[in-house]
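Colleague: I am new to this structure and would like to learn how to read it feature by feature. Could you put it up so that we can go through it together?

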Amino acid sequence: MSTTREQAPGDRGPEPHGARPGAVPSESDGTAPAASSRVLALNGASGIVPMARDFTRQALYDWGWLPAATAEGRAACEDVLLVVSELVTNACLHAEGPEGLRVSRTSKVLRLEVSDLGTGQPAPRTPHRAGRPGGHGMFIVQRLCLDWGVVRTPGVAGKTVWAELAAPA
């Protein structure tokens, strides 16, 4: 399920009128009442990983996904928080720290995006060795997510690593 392709326009349905490809409508722009997003600046902050988890947890509460009514729903929300931790931690370890986190949702998909100024290309370690410490981040992302990838903008430093999970039921 792991990819490093940019999500193609229309992968998640028709684009709202005037939206640029890959843009996720926000709660305030009025283009898609069923979709919303939240953005957290992380550049220069301390305690970035817990901050990102708390920010994402609050979004899940605000969107009614927490508290979850079922064990499956709770597990899905924990998966979201784990993926946030892994993406932010990878940016800290391999890309001079994250610049920002975007958490977006539609009725079916939750999308996480972590931007950084790094030049590296994230990938699951091959071969994956479950019994060894470290190197599990992108393997976890690959296993828990519907899809993930990297977006780079020509002429702009850095990248955005995105991951999509099924929306908690």
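This is a predicted model: local features need pLDDT of at least 70, side-chain atom pairs count only at pLDDT 80 or more; totals for chains, interfaces and linings use all residues.

What follows is a conversation about strands, helices and a few single residues.

Colleague: How are strands defined, and which strands does E2 pair with?

Modeller: Helices (H or I, at least four residues) and strands (E, at least two) are DSSP runs, numbered from the N terminus, and two strands pair if DSSP finds at least two bridges between them. Here strand E1 (residues 36–41) pairs with E2 in the antiparallel sense over six bridges, with serine 36 bridged to arginine 105 of E2. E2 and strand E3 (residues 109–116) also run antiparallel, joined by seven bridges, and proline 98 has aspartate 116 of E3 as its bridge partner. Between E2 and E3 lies a hairpin of three residues.

Colleague: Is E2 largely enclosed or open, and why?

Modeller: Buried means under 20% relative accessible area, exposed over 50%, and partly exposed in between, with a 1.4 Å probe and protein chains only. Six of the eight residues of strand E2 (residues 98–105) are buried, so the rest of the structure largely encloses this strand.

Colleague: How do I read a helix such as H1?

Modeller: One can start with its span, for which the expected value is 1.5 Å times one less than the number of residues. Helix H1 (residues 48–62) has 15 residues and reaches 21 Å from its first C-alpha to its last, close to the 21 Å expected. Its buried residues are Ile48, Ala52, Thr56, Ala59 and Leu60. Seen down the axis of H1, these buried residues fall within an arc of 110°, so they line one face of the helix; the arc is that of the directions from the helix axis to the C-beta atoms. With contact taken as heavy atoms within 4.5 Å, the buried residues of H1 pack against E1, helix H2 (71–94), E2 and E3.

Colleague: What follows just after H1, and how many aromatic pairs are there in the whole structure?

Modeller: Just after H1, glycine 64 takes a positive phi of about 85°. Rings of Phe, Tyr and Trp (its six-membered ring) pair if their centres lie within 6.5 Å, and planes under 30 degrees apart count as stacked, over 60 as edge-to-face and the rest as tilted. A search of the whole structure finds one such pair. The ring centres of tryptophan 63 and tryptophan 65 are 5.8 Å apart and their planes lie at 70°, so the pair is edge-to-face. Tryptophan 63 and tryptophan 65 are both buried.

Colleague: Where is aspartate 116 found, and is this residue buried or exposed?

Modeller: Aspartate 116 is found in strand E3 and counts as buried at 5% relative accessibility.

Definitions and conventions:
Residues are numbered from 1 along each chain as its sequence is written. Side-chain values use heavy atoms; hydrogens and water are left out.
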